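Hi everyone, thanks for coming. I'd like to walk you through one structure today, starting with its aromatic rings and then moving to one of its helices. Here it is on the screen.

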Amino acid sequence: MKYEKIVLPYSYDALEPYIDAETVNIHYNKHLQTYVNNLNALLEGYDKFTDDKSLEQILSHTDKIPKDIRQGVINQGGGVANHNLYFSLLSPNPKKSPEGKLLEEINNTFGSVEELKEKLSAEAISQFGSGYGWLVRTKHGHLEIVKTQNQDTPLSKGLKPILTIDVWEHAYYLKYKNLRADYVKNIWNIIDWAKVEEYYNC
């Protein structure tokens, strides 16, 4: 199986002024594409292992990845899965707030959507070096906030990622320079809660 990047459902400049067109272009066509290329190169000759597995299935059972390519698949596969989720959550015309079961769980867990945003933002901003801040769903349907380094993914810990903020410098540095907190604050303007609901409910 060949793994691919998602098709962007918006133009490179559609997320402005919050994320600039050059950043989207480079992030999507250079960084993400490199992860895709590296992952597929690593998996050449391992057809029996991939055997119609989704990337999410592979990353959810890292102990089953052949040892000689395990760390490479974690790094490169995480780069593909994490970026695909990130880009899918952004929209120039996002649903501004969650509803239904997700909203109920957010209120039960964090008190309010605003409190969730504050806590997830704080985790993303405080991530040392490169990585991500995440909202995840546990196996029992509960919500947690976690952060990961590099291209590690919550999938490998038995958690389902439903919202992520990419805080690798390439995600924001062209526009925001060293002001990570400004980028994190602004990204909430383009997070599509319809997609977050979709991931939570499936």
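So, searching the whole structure turns up six aromatic pairs. Just keep in mind that this is a predicted model.

Let's start with Tyr172 and Tyr183, which are stacked, with 5.0 Å between centres and 20° between the planes. This pair ties together distant parts of the chain: Tyr172 sits in the loop between β3 and α7, Tyr183 is in helix α8, and they are 11 residues apart. Are these two buried or exposed? Tyr172 has 4% relative accessibility, so it counts as buried. Tyr183 comes out at 0%, so that one is buried too.

Next, another stacked pair: Trp188 and Trp193, 6.3 Å centre to centre with 15° between the planes. Both of these tryptophans are buried as well.

Over to Tyr28, Tyr86 and Phe87, which make up one aromatic cluster. Tyr28 also has a lysine over its face: Lys5, at 4.2 Å from the ring centre.

Now the helix I promised, α6. Which of its residues are buried? Val113, Leu116, Lys117, Leu120, Ser121 and Ala124. They cover an arc of only 125° around the axis, so they're on the same side of α6. The reason for that kind of spacing is that an α-helix has 3.6 residues a turn, so residues three or four places apart point the same way.

And what do the buried residues of α6 pack against? That's α5, β1, β2, β3, α8 and α9.

Methods: Residues are numbered from 1 along each chain as its sequence is written. This is a predicted model: local features need pLDDT of at least 70, side-chain atom pairs count only at pLDDT 80 or more; totals for chains, interfaces and linings use all residues. Side-chain values use heavy atoms; hydrogens and water are left out. Buried means under 20% relative accessible area, exposed over 50%, partly exposed in between (1.4 Å probe, protein chains only). Helices (H or I, at least four residues) and strands (E, at least two) are DSSP runs, numbered from the N terminus. The arc is that of the directions from the helix axis to the C-beta atoms. Contact means heavy atoms within 4.5 Å. Rings of Phe, Tyr and Trp (its six-membered ring) pair if their centres lie within 6.5 Å; planes under 30 degrees apart count as stacked, over 60 as edge-to-face and the rest as tilted. A charge sits over a ring if NZ of Lys or CZ of Arg is within 6 Å of the ring centre and within 35 degrees of the ring normal.
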